[in-house]
Amino acid sequence: MAHLRCGYACAQLAAGFRIGIATVCRYLREVVVVLAALTPTLTKAMKTIRTKAFVILDGTLLPIDRIAADTPYYSGKHKRHRMNVQVLSDPFGRLL
């Protein structure tokens, strides 16, 4: 979660928690799988949206580690690899 929330590199997390880099990478993959399983489907989110007066759509570009071969993730504007993340929330800030 420290990687997702604060953007710490795997090497920084490995040193901070005194574990191997491979272990950190494995934990990151496991956390992403768990979080993905907890998210509602787009169909369920759309049903929830219909009951709200309005929703908030916000997005950001998150820096990611990619190699040059991954050109779909390269942002020419920012001159580095990034991933576009879009979020829907209700007026109280709860994620949909």
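The paragraphs below walk through the strands, helices, surface patch and salt bridges of this structure. Keep in mind as you look around that the model is predicted.

Let's start with the sheet. Three strands form an open sheet in the order β1-β3-β2, and their pairing is antiparallel. The edges belong to β1 (56-63) and β2 (74-75), each of which pairs on one side only. Strand β3 covers residues 80-89, and eight bridges link β3 to β1 in the antiparallel sense. To find your place in this pairing, look for Thr60, which stands opposite Val85 in β3.

Now turn to the helices. Helix α3 takes in residues 21-38 and supplies four residues, the largest share, to a nonpolar surface patch. That patch is made by Met1, Leu4, Val32, Val34, Leu35 and Leu38, and has an area of about 590 Å². Val32, which lies in helix α3, is partly exposed, with a relative accessible area of 45%.

Helix α4 (residues 42-50) is where you will find Lys47. Since the cut-off for exposed is over 50%, Lys47 counts as exposed at 54% relative accessibility. From Lys47 to Ala22 the separation is 25 residues in sequence and 40 Å in space, C-alpha to C-alpha.

Asp90 forms a salt bridge with Lys52, the closest N and O atoms being 3.9 Å apart. Asp90 lies in the segment after β3 and Lys52 in the loop between α4 and β1, so this pair ties together parts that are 38 residues apart in sequence. Is Asp90 buried or exposed? At 1% relative accessibility, Asp90 counts as buried, while Lys52 is partly exposed at 29%.

Asp90 also forms a salt bridge with Arg94, where the closest N and O atoms are 2.9 Å apart. Arg94 is partly exposed, at 49% relative accessibility. Through shared partners, the salt bridges join Lys52, Asp90 and Arg94 into one network.

Notes: Residues numbered from 1 in each chain as written. Predicted model: local features only at pLDDT ≥ 70, side-chain atom pairs only at ≥ 80, totals over all residues. Heavy atoms only, no water. Pairing = 2+ DSSP bridges. Helix = DSSP H or I, 4+ residues; strand = E, 2+ residues; numbered from the N terminus. Buried < 20%, exposed > 50% of the residue type's maximum accessible area, 1.4 Å probe, protein only. Patch = residues over 30% accessible without salt bridge, like charges linked within 9 Å, V, L, I, M, F, W, Y side chains within 5 Å. Areas by Shrake-Rupley, 256 points an atom, 1.4 Å probe, with all protein chains shown as cover. Salt bridge = Lys/Arg side-chain N within 4 Å of Asp/Glu carboxyl O.
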